[in-house]
Amino acid sequence: MEKLKTIVEAALVDLGDIVAEDQKTKAAKIIEAAVIKGMLEAQHRAVDACNRVGAADRDMAHKIATEIRQKNDALIVNLSAMY
């Protein structure tokens, strides 16, 4: 979570004067949402890859996919509380 906050803050610094001071909170939320969308897409791909394994490995793949989803849910809850 601290890493995402650091990413958002760095993006705001990179934007410099493009974003007015009174719009920085809104911009931070937009950047955060974009980072989360990218992260979710990557996690969906990982879960899909787990689900494409053969029958012998399906139980392990299911456990990994479930773990990814649970951690993803917890991350979203925590990130939503950040700003």
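## Contacts of leucine 12

Leucine 12 touches Lys24, Ala27, Ala28 and Ile31, leaving aside residues up to four places away in sequence. Contact here means heavy atoms within 4.5 Å. The model is a predicted one: local features need pLDDT of at least 70, side-chain atom pairs count only at pLDDT 80 or more, and totals for chains, interfaces and linings use all residues. Residues are numbered from 1 along each chain as its sequence is written, and side-chain values use heavy atoms, with hydrogens and water left out.

## The nonpolar core

Leu12 also belongs to the largest nonpolar core, which has 10 residues. The largest share, six residues, comes from α2.

Two terms need their cut-offs. A nonpolar core is a set of buried Ala, Val, Leu, Ile, Met, Phe, Trp, Tyr and Cys residues joined through side-chain atoms within 4.5 Å. Buried means under 20% relative accessible area, exposed means over 50%, and partly exposed lies in between (1.4 Å probe, protein chains only).

## Fold and overall shape

The protein has three helices and zero strands. From the N terminus on, its elements run α-α-α. Helices (H or I, at least four residues) and strands (E, at least two) are DSSP runs, numbered from the N terminus.

How does the radius of gyration compare with that of a compact globule of 83 residues? Such a globule would have a value near 12 Å, but the protein has 17 Å. The radius is taken over C-alpha atoms, and the globule rule is 2.2 Å times the number of residues to the power 0.38. Along the principal axes, the C-alpha atoms fill a box of roughly 55 × 20 × 15 Å.

Of the 83 residues, 20% count as buried. The accessible surface comes to about 6,000 Å², and 58% of that belongs to carbon and sulfur atoms. These areas come from the Shrake-Rupley method with a 1.4 Å probe; for residues, only the protein chains shown count as cover. Among contacts between residues at least 6 apart in sequence, 55% join residues at least 24 apart.

## Helix α2

Helix α2 has 28 residues. From its first C-alpha to its last, α2 reaches 40 Å, close to the 40 Å expected at 1.5 Å a residue. The expected span is 1.5 Å times one less than the number of residues.

Buried residues in α2 are Ala27, Ala28, Ile31, Glu32, Ile36, Met39, Leu40, Val47 and Cys50. Take glutamate 32, which has its place in α2. Its relative accessibility is 7%, so glutamate 32 counts as buried. Glutamate 32 and leucine 4 are 28 residues apart in sequence, yet 7.3 Å apart in space, C-alpha to C-alpha.

## Two residues of helix α1

Is aspartate 14 buried or exposed? Aspartate 14 lies in helix α1. It counts as exposed because its relative accessibility is 67%. Aspartate 14 and alanine 34 are 20 residues apart in sequence and 16 Å apart in space, C-alpha to C-alpha.

Isoleucine 7 also has its place in helix α1. At 37% relative accessibility, isoleucine 7 counts as partly exposed. Isoleucine 7 and lysine 26 are 19 residues apart in sequence and 15 Å apart in space, C-alpha to C-alpha.

## Salt bridges

Side chains of opposite charge can pair when their charged atoms come close. A salt bridge is a side-chain nitrogen of Lys or Arg within 4 Å of a carboxyl oxygen of Asp or Glu. How many salt bridges does this rule give? The count comes to three.

In helix α2, glutamate 41 and arginine 45 lie four residues apart, about one turn of the helix. They form a salt bridge, with the closest N and O atoms 3.1 Å apart. Glutamate 41 is partly exposed at 39% relative accessibility, whereas arginine 45 is exposed at 56%.

Helix α3 (residues 58-80) holds both lysine 63 and aspartate 59, four residues apart. The closest N and O atoms of their salt bridge are 3.4 Å apart. Aspartate 59 is partly exposed, at 48%. Lysine 71 and glutamate 67 also lie in α3, four residues apart, about one turn of the helix. Their side chains meet in a salt bridge (3.3 Å, N to O). Lysine 71 is exposed at 53% relative accessibility, and glutamate 67 is partly exposed at 37%.
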